[in-house]
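Dear colleague,

Please find below the structure that I am handing over to you. A summary of the findings follows it.

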Amino acid sequence: MSNGQRNPLILTGSIFLLRMKIRTQKKLSCSTLVSPWFNKLSVFLGRGPPLSWLLLCFLSIVALIAVLGSSTSNTLDFVTSSSKPDIYSSYRRLKEQAAVDYLELRTLSLGTTRPKELDLCGKERENFVPCYNVSANLLAGFKEGEEFDRHCGMSGLGDRCLVRPPKDYKIPLRWPAGRDVIWSANVKITKDQFLSSGSMTKRLMLLEENQIAFHSEDGLVFDGVKDYSRQIAEMIGLGTDSEFLQAGVQSVLDVGCGFGSFGAHLVSLKLMAVCVAVYEATGSQVQLALERGLPAMIGNFISRQLPYPSLSFDMVHCAQCGIIWDKKEGIFLIEVDRLLKPGGYFVLTSPESKPRGSSSSRKNKNLLKVMEEFTEKICWSLIAQQDETFIWQKTVDAHCYTSRKHGLPLCKEEHDAVPYYHPLVSCISATNSKRWISIQNRSSGSQLSSAELEVHGKYFQPEDFYEDLQVWRSALKNFWSLLTPLIFSDHPKRPGDEDPLPPFNMIRNVMDMNAHYGGLNAAFLEEKKSVWVMNVVPVNARNTLPLILHQGFAGVLHDWCEPFPTYPRTYDMLHANGLLSHLSSERCDLMDLFLEMDRILRPEVFFLHSICLLSNCLFLNIML
């Protein structure tokens with residue numbers, strides 16, 4: 001890391017050692033100066049000097065110490081400009097001291113030069129998403145959908161500036177109201193575009209001129225979201241959709257999620273449903289889902305793998321998601337197979353998959369025939385078909401792929417190392433992985449068994465996992481009590497009291513920028529906080545994302561030298577513990593990272609930076 005990007009942990013330790021050194025020097029200087037005077041006095045006066053002489057000596061020493069102490073402190077004004085107490089009992093004083101320490105770290109890391117003050121970006125960047133510049137991609141020769149893909153080298157960021165919110169931006173409503181009603185000025189898509197859309201996935205009602213309400217009973221299929229979810233549950237042999245968890249379905253990847261109605265319903269069932277949709281220049285499914293407080297990120301199946309490891313999800317869902325699954329020799333279905341866990345389900349709902357009348361029957365029959373032939377190659381079984389919905393199940397037998405005469409080849413082990421936007425491949429992944437475990441055989445409790453932890457033991461020891469969880473259990477209680485008066489601003493309470501129930505909770509989602517084992521997410525669940533966490537594992541860190549996803553959490557791989565694939569103002573809180581240690585000095589700029597964090601955060605929310613010294617952690621809570 002370059003001199004201008006020194007680690008705050010090292011800087012904090014340096015400040016601590018410097019202050020200890022200053023105090024030690026003061027003590028040594030006094031004793032060193034006083035000792036020769038005592039020796040001379042003892043020689044001159046003998047072993048029993050008069051009391052008046054001793055008193056005079058004592059007063060002289062006190063005066064000398066005062067003079068030397070004053071001069072010494074004046075030489076150290078560049079480190080400590082004013083004296084402050086080291087211990088505070090009030091949480092507000094602790095917060096103020098944390099902010100002072102942060103500014104001190106920032107001053108030392110930047111040196112004596114004053115940083116240039118950043119301007120606000122223009123109105124055209126209110127919904128700016130770096131790495132998704134469609135015009136630049138077209139000029140560079142990308143086509144056939146790849147112009148909407150992620151190309152960070154073509155983004156053309158230009159001058160640094162702060163992305164500002166729209167003129168009429170308003171803080172989102174608190175849950176549960178904010179899940180179904182949003183402010184229309186907060187999103188890129190306009191009301192006219194809403195009203196002109198005839199798609200069944202985009203039906204909604206405008207309550208007022210400045211609000212948009214999403215029907216939980218409409219918006220996906222003709223019979224409503226709840227009926228649709230119950231239909232899927234019955235098709236895989238369950239009595240109701242409340243039994244998804246019992247059947248091993250805990251995490252769902254919702255491809256092309258529309259306005260997120262299906263994901264919102266699954267979240268209410270305690271499932272983790274993550275929306276992934278393509279970048280849209282005019283209006284975005286991802287932005288709408290995140291504005292509702294639902295898990296989502298930009299991603300597509302055009303040319304690259306999604307930034308998830310193999311065997312990540314229990315179900316992949318596509319309802320009129322716009323992907324032509326039989327295109328490019330089935331390579332999109334191969335990517336779904338890579339993401340699905342053994343025994344997982346692929347749910348496809350599309351009018352094109354249903355045989356119809358004479359005009360389109362031939363086309364639909366050809367599509368179904370291609371799908372049936374290809375799914376047989378990748379060892380999927382069509383377990384149910386009803387109306388426009390088809391459900392395939394991935395095999396639990398890893399040897400099935402090699403037993404097929406015209407099956408696909410198996411991928412080499414290096415293909416599955418760190419799947420960070422690698423090109424799509426035409427081979428079957430992870431058949432030799434220790435994580436090849438059927439979703440039906442997974443433990444039903446929230447605590448992982450020792451056998452499940454041993455499966456992920458390539459990157460850590462089980463005792464490290466439990467220690468990390470214990471650390472975040474106590475840490476969450478500490479900084480949650482500090483933030484409580486701000487988080488629950490509409491419902492004031494004292495630290496230590498019970499949290500009020502929603503809709504008073506301002507915090508709906510948290511991004512853990514360096515998630516380790518997902519301990520912070522687990523601590524949130526244990527404390528029954530009504531938030532979800534996007535667990536980000538840096539590509540330069542140990543790849544613990546398989547373990548995080550195995551716990552049923554949302555997570556993704558990301559290189560923090562690049563912008564995150566999300567729209568501005570989409571997260572209520574950022575947490576970055578030990579993140580700077582994973583940034584490489586050659587490609588990363590600390591200012592770019594802070595600008596990206598500012599872009600991601602919603603106005604009037606929080607950035608938490610945990611600086612750990614020995615066994616204690618200091619949390620810097622900065623309200624933006």
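**Overall fold and cavities**

The protein chain contains 17 helices and 18 strands, where helices (H or I, at least four residues) and strands (E, at least two) are DSSP runs numbered from the N terminus. This is a predicted model, in which local features need pLDDT of at least 70 and side-chain atom pairs count only at pLDDT 80 or more, while totals for chains, interfaces and linings use all residues. Residues are numbered from 1 along each chain as its sequence is written, and side-chain values use heavy atoms, with hydrogens and water left out.

Of the 624 residues in the protein chain, 50% are buried, that is, under 20% relative accessible area (1.4 Å probe, protein chains only). Among contacts (heavy atoms within 4.5 Å) with a separation of 6 or more, 70% join residues 24 or more positions apart.

The chain has eight cavities of 30 Å³ or more. A cavity is a set of points on a 1 Å grid over the protein atoms alone where a 1.4 Å probe fits but cannot get out; lining residues have an atom within 4 Å of a point. Grid points are joined across faces, edges and corners, and a volume is the space filled by probe spheres set on the points.

The largest cavity holds about 140 Å³. It is lined by 15 residues, of which Leu-311, Lys-341, Arg-435, Ile-437 and His-550 are the closest to its centre. β10 (340–349), α13 (450–455) and α16 (545–550) each supply at least two lining residues, and α16 gives the largest share, three residues.

Yours sincerely

Terms used:
1 Å grid on protein atoms, 1.4 Å probe; cavity = no way out; pocket = protein on both sides within 12 Å on 5 of 7 lines; lining within 4 Å.
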